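Please keep the coordinates open while reading these notes.

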Amino acid sequence: MLFVVFAAHVVADTADEFDDFDDDITFAGLSLEELMSIRVTSVAGKEMDWFTTPSAMYVLTAEEIRRSGHQSLPEALRMVPGLTVSQTSSNSWAVSARGFHSRYANHLLVMIDGRTVYDPYFSGVLWHKQHVLLEDIDRIEIVRGPGATLWGANAVNGVINVTTRPASETQGLYLSGVTGSRYNSIVSSRYGGEIDDDTHYRVWSSYRNVEPFREAEGGDFPDAWDMTHGGFRLDRQGDEGVLFTLQADAHGSNRINQRTQVADPDGLPFALATITGPGRTTGSSLLGRISQDIDPHHGWSLQAYYNYNDDVANTGFRNQHHTTDLDFRHHFRPLDRHEVVWGLGYRYVTDNIRSTDTMIVDPTRRDIHTASAFIQDTVTLVPDWLSVMVGSKFEHNSYTGFEYQPSLRIALTPTERQTVWASVSRAVQVPSRYNTDTTTVVGYFPFPPPNDRMLFRSNPDLESVSMVAYEAGYRVKLTDQVAIDTAVFLNRYRNMITVDWESFQWANGGTATTYGVETTTTWRPAANWRLDFGYTYLRARSEDPFAISPSPRHQGHLRSFLDVTDDVELNTALYWTDRIDDLDIASYLRWDLGVTWHVTQNFEFSVWGQNLLQSRHTEFVEPFLQGGEAQVPRSFYMQATMRF
């Protein structure tokens, strides 16, 4: 490993500068002490130290994101053990946790500043639309495993919670420009100011123009795209700890190039026609939140947001929906050893779907209501040693009616350097409009009546998929320079949505089991050097091959953050993904390498090479959807950043 040899040489040459290793020094990112004391909210519903959280949680810090070289939110998630991130084309990603890997994976809940961003048509995430300035991200909390007790249905295999920094921490002018072999241009700007001592704001914008991937057979894949984003945030700090936040964003593009395959009425039975051309998207959101932290054990928040999206595929299929969401949460300490958090929520989605000849949605308009309540109590059984977290979510939705999603978590902290935890949880995945209301034409018969269609039908009577997860984990700070975090899990799924071949429609009935291990090690060999190693093992089994989608069995990464001098950084990473036999996708090893020069206090310049070991490689294929194999190319780019 050339970068390890080089890094060791640099560390040896600069050893005299760092003879007195101090764990509080923040060269190469946060120290181990700072990493362990990061405050998170995604499991307890209130702030607690990440190190003692009874869950398989990983936190991506702002510094890790900046030094990774990644230029989008899904790409940054490659750094998380237990997540599988594959790029299926230049403008689409498949992101999943603990199996069920697909571009349209629907077992993962994603939130940005408390706003849920999944698409209600298929209950998954269209990642090319999810953009915030990476510069403004405070942290990304990733819960691997169920988070349904706090966050509700579809938080089955994991929760990704993106939190941006308050406006008071993004003051001044920020400008960034990226250009290279893959990115024609990424231009970002942000300005933050203050209205008075208690009121701060920021406005931001971003534009990206991205080159196409390569065909496996040669030539360009038709997936070049561009996108414009923008938004603002206003924070006001009131009296007695009251904080008011108002934020909005919008995006749009008329050039999301796609290749789509549909049934061909003029060809042989089950022949496919290929449609190539641009899709388009527009959307916006508005969020308001008022909260008060009266003391560390007592506080509340009230949040409301509105979200609008209008997506048109190159086939003419149109998915337009409006979402209104209300959420109230309150945490308090009724007794000395009890920390209770409870909440109420209501979500209303209304949509308008325009069908095509091969995808027929009936009814075209639908109103979807979800009302929910939850309560969770963290009980300290033995102070500073043993605690139990127990609670449940209760929901009523328009698809399956009443659902309950309980969890029990135990945390043992025998010393300040160790946490042992275990949990058992139940979560559900609710059917979507795609399952209950969409009929797909899969072929045409050439005999009378002419072009008679073969239909794969929806099923409005589907029930929810249920999953029971058994998890355990161990975190340990071995020395002041080495920390290890390991989790094991066993998930059992029932009532899976699969294919009923007799009626040729969706049906419940499949079962599946997944199990595995996820581990990450952080090592600080010197004050100016940090190494992260992660490994994931995953097995998925089902008697019905249509109940699960294939995922790689082994994944691993090795990242290095090195401060060569006070002004020069050497950042590099290896990402390894095992082959996927069912899709005939070969294993690949990706190497990213970048040098960042802090020219002045206000100006930073970076040069990056990505996917350096191969000219191109395949990460995931959807042969019946995109009609070909798009391959991720080797690429180089330069980035200039100014902060004033």
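1. A cut-off comes first. Buried means under 20% relative accessible area, exposed means over 50%, and partly exposed lies in between. Asn495 has a relative accessible area of 23%, so this residue is partly exposed. Its place is strand S28, residues 482-500. Its phi is positive, about 65°, although Asn495 is not a glycine. Bear in mind that this is a predicted model.

2. Asp584 sits in the loop between strand S32 (568-577) and strand S33 (588-598). With 62% relative accessibility, Asp584 counts as exposed. The side chain has a charged partner: Asp584 and Arg579 meet in a salt bridge at 3.4 Å, N to O. Arg579 counts as partly exposed, at 33% relative accessibility.

3. From Asp362 to Pro363 the bond is cis, with omega near 5°. Pro363 is placed in the loop between strand S20 (359-361) and strand S21 (365-382).

4. Next, an open sheet. In what order do its five strands run? The order is S3-S8-S9-S6-S7, and the pairing is mixed. Strand S3 (56-61) and strand S7 (115-116) are the edge strands, each pairing on one side only. Within the sheet, strand S8 (residues 137-144) and strand S9 (residues 158-164) run antiparallel and are joined by seven bridges. Arg144 has Gly158 in S9 as its bridge partner. In general, strands of a sheet pair through backbone hydrogen bonds, either parallel or antiparallel.

5. Arg115 and Asp249 meet through their side chains in a salt bridge of 3.2 Å, N to O. Arg115 lies in strand S7 and Asp249 in strand S15 (residues 242-263), so the pair ties together parts 134 residues apart in sequence. Are the two partners buried or exposed? Arg115 is buried, with a relative accessible area of 10%. Asp249 is partly exposed, at 21%.

6. Which residue does Arg409 meet in a salt bridge? The partner is Glu471, at 4.0 Å, N to O. This pair links distant parts of the chain, 62 residues apart: Arg409 is in strand S23 (residues 401-412) and Glu471 in strand S27 (residues 465-477). Arg409 is buried, with a relative accessible area of 5%. Glu471 is buried too, also with a relative accessible area of 5%. The cut-off for a salt bridge is a side-chain nitrogen of Lys or Arg within 4 Å of a carboxyl oxygen of Asp or Glu.

7. As background, side chains of opposite charge can pair when their charged atoms come close.

8. Like charges also gather. Glu194, Asp197, Asp198, Asp239 and Glu240 form a patch of negative charge on the surface. One of these, Glu194, lies in strand S11 (residues 183-196). Glu194 is partly exposed, with a relative accessible area of 47%.

9. Strand S34 (residues 603-610) runs antiparallel to S33, joined by six bridges. The two form a hairpin with four residues between them. Trp597 has Phe605 in S34 as its bridge partner. On S34 there is also a pairing with strand S37 (residues 635-643), antiparallel over eight bridges. There, Phe603 stands opposite Met642 in S37.

10. How far apart are the C-alpha atoms of Trp204 and Phe232? They are separated by 6.2 Å, while the two residues are 28 apart along the chain. Trp204 is placed in strand S12 (residues 199-210). At 12% relative accessibility, Trp204 counts as buried.

Conventions:
Residues numbered from 1 in each chain as written. Predicted model: local features only at pLDDT ≥ 70, side-chain atom pairs only at ≥ 80, totals over all residues. Heavy atoms only, no water. Pairing = 2+ DSSP bridges. Patch = residues over 30% accessible without salt bridge, like charges linked within 9 Å, V, L, I, M, F, W, Y side chains within 5 Å. Areas by Shrake-Rupley, 256 points an atom, 1.4 Å probe, with all protein chains shown as cover. Lys, Arg positive; Asp, Glu negative; His and termini not counted. Charge placed at Lys NZ, Arg CZ, Asp CG, Glu CD. Buried < 20%, exposed > 50% of the residue type's maximum accessible area, 1.4 Å probe, protein only.
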